[in-house]
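Dear colleague,

Please find below the structure that I am handing over to you. A summary of the findings follows it.

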Amino acid sequence: MFPFEAFAPVAIIVGSLAVGGWIFTTWLRVKNGYPLENSWGKPVYPQKNAEMIERIKLLSQENAQLRAEIGSMKDRLIVVERIVTDESHQLNREIEQLRRPAN
């Protein structure tokens with residue numbers, strides 16, 4: 001009997017666990033958006049093509065539009081909160097001041 005024959009099943013189990021762990025960590029990296037690494041530990045980024053660049057531009061524009069819309073909604077909400085929480089006589093006074101003609 002060869003002296004290392006007893007360790008063959010253990011080596012197969014350990015090897016398959018190592019490969020399975022590598023596959024699992026790679027899947028987690030891809031799923032969560034982390035860059036993959038080459039054999040030297042440097043990140044490997046996916047190549048950018050024209051379609052991806054255009055999609056990034058469109059998403060950036062949409063993001064800017066949504067931020068502007070949220071800003072205007074915040075301003076409107078401040079006005080609504082002020083109307084709801086102010087006493088009615090204070091609001092009436094301000095409305096009357098706006099109705100008076102400017103001198």
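Predicted model: local features only at pLDDT ≥ 70, side-chain atom pairs only at ≥ 80, totals over all residues.

**Findings**

V79 lies in helix α2 (residues 50-85); helices (H or I, at least four residues) and strands (E, at least two) are DSSP runs, numbered from the N terminus. Residues are numbered from 1 along each chain as its sequence is written, and side-chain values use heavy atoms, without hydrogens and water.

The protein chain has a mean pLDDT of 83, with 92% of its residues at 70 or more. Among its elements, α2 has the highest mean (91) and strand β2 (residues 43-44) the lowest (72).

V79 is partly exposed at 48% relative accessibility (buried means under 20%, exposed over 50%, partly exposed in between; 1.4 Å probe, protein chains only).

The whole structure holds two salt bridges, each a side-chain nitrogen of Lys or Arg within 4 Å of a carboxyl oxygen of Asp or Glu. One joins R82 and E94 at 2.7 Å, N to O. Because R82 belongs to helix α2 and E94 to helix α3 (residues 88-99), this pair ties together parts that are 12 residues apart in sequence. R82 is partly exposed at 43%, as is E94 at 29%.

The other joins R99 and E96 at 3.3 Å, N to O. These two are three residues apart in helix α3, so about one helical turn separates them. R99 is exposed at 62%, whereas E96 is partly exposed at 38%.

With kind regards

Conventions
pLDDT = per-residue confidence, 0-100.
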